[in-house]
Amino acid sequence: MTDRRARAEVGVAGRRLLAYTDARHQEAHQFLVEEAARLDERDFDGWLELLTEDVRYRMPVRVTTMRRTGVDQRPDMAHFDEDRSSLAMRVARLGTARAWTEDPPSRTRRFVTNVRTFVGELDGDELEVESSLLFFRSRGDVRPAQLLAARRVDQLRRVNRELRLARRELQVEEAVLRTQNLALFL
Amino acid sequence: MDVAELAGHVRRGMVPALVYSDADVFALERERLFARAWILLAHESEIPEPGDFVVRRVVDDSFIVARDDRGNAGVHLNVCRHRGMQVCRAELGRTSHFRCPYHGWTYRTDGTLASVPFRDDAYGDDGVPPDGERLLPAPSMATYNGLIFVSLDPAAPALADYLGDFTFYLDLYTGQSADGIEVRGPQRWRIGANWKIACENFAGDMYHTPYTHHSVVDIGLFREPTAAKRKEGVVYEAGRGSGTTYKLPAGDFRQKLHYVGYPDDMIDRMEATWSDAQRSLVGRDGFMVSAATVFPNFSLVHNWPRRRDGGDVVPFISLRQWQPVSATETEVLSWFAVDRNAPADLKDASYQAYLACFGSSGMFEQDDVENWVSITEASRGVLAGRLLLNSRMGLNAAGEPLRPPLEGFAGPGTARVGFGEFNQRGWLARWADYLTADGR
């Protein structure tokens, strides 16, 4: 039996790993690093510009199950299950003067590693990019800093020659999140 | 710590801040409150088929909530009778048996012992004592509208008596048709806050909404929580529950439910399912339930924010259990709930509205939790812990209510219009009752 836990339920058919020297991989990797920089700089409007109009942004709830179950995330419940309009609303809220949970702001650092870029057999234009994310967040001067680790499976699409995020599936590595909230984007 | 003194302060609406972080208080809560009260664990829709199970806690006690081969829901302590190993280490699944990984004692989904390896060799024909032949059942277990509750007290009052008149209001969340709700989730996460603050907040804090949640009004997500709107609502106490409401604009029963986003077919079912008094609460009196808490740590919320696609509003319901981890940490279990018979498009839009507002990423909940964590942190101070926090809103200096209870209100219990901390004081007084009562 194939262990389906190894992969999120997304992926282009017949995908092929690109060499790290491939220009498309390097461009995709650069996109993720630039995206993380905008988020760490709290340039949330700038982050929205990196998303396609039809973006899907999901973070399913992970659950602890026995291996034989074959699934370890809830099919019908997520921490994030967003489209562009709902993400824009979250960004708008962070822009108000009264989003207390992020004012004073958290100090954040996103570490994006283990980047692999895939192309599908038929669709040469979209890239599927897997990465590991370690998200560090510190608030105030008393609370312990919080970490959140996730595997990300992204689909990047070329829009007017620029790469844009069309889909992100976050496989968070905790069944019970040890972070106060998900006010920020991962 | 003098618990009688604490209780005395709390009963007059002055809350010693240390109750939000003191380890001795928490130890007493474990022993005298959580070992006696009825605690929500799950909803039957989480375990629809025989063999389905979820694992939930009452503080540190782990329970398997399982549907057995005959289709009955049961709750069993997740501890092998042999050496105390957890027989189930998954949080959900479907299984025929629970098998202890240590020595292989195997239990059926109804908790009874099915087999012991080498039983005759190890124990003889009659060696395993009869009381070891099943997982320990929850001392008391009962359901209401599919909600599964347990109590660690075998002499707990009947659940219906415990909930009392709050079922009138609970039906408005969980009984919108004869088939009741289905739930998704829960989302689970830990917050650095004392569990009581959340319970009090949901029980009756209408006063925080305009300020804490200003940002969601600023962005047009939810039009209601302005100060003017909140003070027109009533807070009510009934049985073991208490909650808040919003006053709806003029109109009949159907128009009022349209206002909060319910479609006609759902309104037809509410009309058919609810009692005259329940319909009058909405239609005649014009109140719609919002947040509520069932003592001790089960809360509900019902709001009607803007739909993701713009324009109309859509209602959503969330259930939550504030599960204490320690005096200063709480695990939140937050479910999305919707009537089983709701149209598919409403279920989807309602789920999206829930995610926007409550739960781990919810824009209401984020700012609530920031408050609760900050209160918990502050209360750890020696000086701060001695402060008596003023929870006397709605009373004058002599301790008399500023306004009498509402007359002619359609619902049971006591209802009051305007800002006040009657519900929080009521919740805390009950908390004090449990803490000051010695164990049986």
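**Notebook: chains A and B**

I began with polar contacts between chain B and chain A, and the count is 32 residue pairs, both residues at pLDDT 80 or more. A polar contact here is a pair of N or O atoms within 3.5 Å; within protein, one must be able to donate a hydrogen and the other to accept it, and residues adjacent in sequence count only if both atoms are side-chain atoms. I then looked up which elements of chain B each supply at least two residues of its side touching chain A: strand S12 (181–191), helix H7 (209–212), helix H8 (214–218), strand S18 (329–339), helix H13 (344–357) and helix H14 (363–379). By class, I find 17 nonpolar, 10 polar and 13 charged residues on that side of chain B. Nonpolar covers Ala, Val, Leu, Ile, Met, Phe, Trp, Tyr, Cys and Pro; charged covers Asp, Glu, Lys and Arg; the others, Gly among them, are polar.

Notes on the model: it is predicted, local features need pLDDT of at least 70, side-chain atom pairs count only at pLDDT 80 or more, and totals for chains, interfaces and linings use all residues. Residues are numbered from 1 along each chain as its sequence is written, chains are lettered from A in the order in which they are written, and side-chain values use heavy atoms, with hydrogens and water left out.

I checked confidence (pLDDT, the predictor's own score per residue, from 0 to 100). Chain A averages 92, and 91% of its residues score at least 70. Over residues 1–9 of chain A the pLDDT is below 50, yet I find 22 contacts in the model for this stretch beyond near neighbours in sequence.

Back to the interface. By contact (heavy atoms within 4.5 Å), 40 residues of chain B meet 39 residues of chain A. The two chains bury about 3600 Å² between them, 53% of it on carbon and sulfur atoms; buried area is the accessible area (1.4 Å probe) that two parts lose on being put together, summed over both. B:Arg308, B:Gln366 and B:Glu370 supply 17% of the area that chain B buries against chain A, more than any other three residues.

I counted salt bridges (a side-chain nitrogen of Lys or Arg within 4 Å of a carboxyl oxygen of Asp or Glu). A:Arg139 pairs with B:Glu370, the closest N and O atoms being 2.8 Å apart. Within chain A, A:Arg84 pairs with A:Glu53 at 3.8 Å. That pair links helix H3 (residues 84–95) to strand S2 (residues 51–62), the two residues being 31 apart in the chain. Helices (H or I, at least four residues) and strands (E, at least two) are DSSP runs, numbered from the N terminus.
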